[in-house]
Amino acid sequence: MASPDFLAQNKRITVPAQLEKLPLIHSKSEKVLLQGPLQSITITVEPQIRINSDEAMISAAVEGLGIALRIPLWAAESLTKSGSLIQILGE
């Protein structure tokens, strides 16, 4: 998920592999399975913004600092409905 401002400044992301070249917000380095409508891959995440809580991840993403991986379900729905964040690769 990313903010509309972040997505406006970066070209449209259509496949998970494109995420490796953009600033990622995550808590640690790890391999993550990402699924898009046309492609599923495992990428090694080397976050450029390391966070230590779900709230910090959400805040950094809303501020347009990068792409947040694994936004908790309790927050994702309200953030997308309000327009604060956009789901990048589909559901």
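Guide: The model shown is predicted. On the face of α3 turned away from its buried side lie the exposed residues Leu 73, Trp 74 and Lys 81.

Visitor: Which residues of α3 are buried?

Guide: Ala 75, Ala 76 and Leu 79 are the buried residues in α3. These residues cover an arc of only 105° around the axis, which puts them on the same side of α3.

Visitor: Against what do the buried residues of α3 pack?

Guide: Their packing partner is α2. Two packed helices are described by the angle between their axes and by the distance between those axes. Here, helix α2 (residues 54-62) and helix α3 (residues 73-82) have axes that come within 11 Å and cross at roughly 25°. Angles under 35 degrees count as roughly parallel, and α2 and α3 are therefore roughly parallel to each other. The crossing in which α2 passes α3 is right-handed.

Visitor: Which residues make the contact?

Guide: From α2 come Asp 54, Glu 55, Ile 58 and Val 62, and from α3 come Trp 74, Ala 75 and Leu 79. By class, five residues in this contact are nonpolar, two are charged and none is polar.

Visitor: Where is Arg 70 placed?

Guide: Arg 70 is in the loop between β5 (67-68) and α3. After α3 comes Gly 83, with a positive phi near 85°.

Key
Residues are numbered from 1 along each chain as its sequence is written. This is a predicted model: local features need pLDDT of at least 70, side-chain atom pairs count only at pLDDT 80 or more; totals for chains, interfaces and linings use all residues. Side-chain values use heavy atoms; hydrogens and water are left out. Axes are lines fitted to C-alpha atoms, for helices over the stretch in contact, and angles run from 0 to 180 degrees between N-to-C directions. Helices (H or I, at least four residues) and strands (E, at least two) are DSSP runs, numbered from the N terminus. Angles under 35 degrees count as roughly parallel, over 145 as roughly antiparallel, 65 to 115 as roughly perpendicular and the rest as oblique. A crossing is left-handed if the near helix is turned anticlockwise from the far one by less than a right angle, and right-handed if clockwise. Contact means heavy atoms within 4.5 Å. Ala, Val, Leu, Ile, Met, Phe, Trp, Tyr, Cys and Pro count as nonpolar, Asp, Glu, Lys and Arg as charged, and the others, Gly among them, as polar. Buried means under 20% relative accessible area, exposed over 50%, partly exposed in between (1.4 Å probe, protein chains only). The arc is that of the directions from the helix axis to the C-beta atoms.
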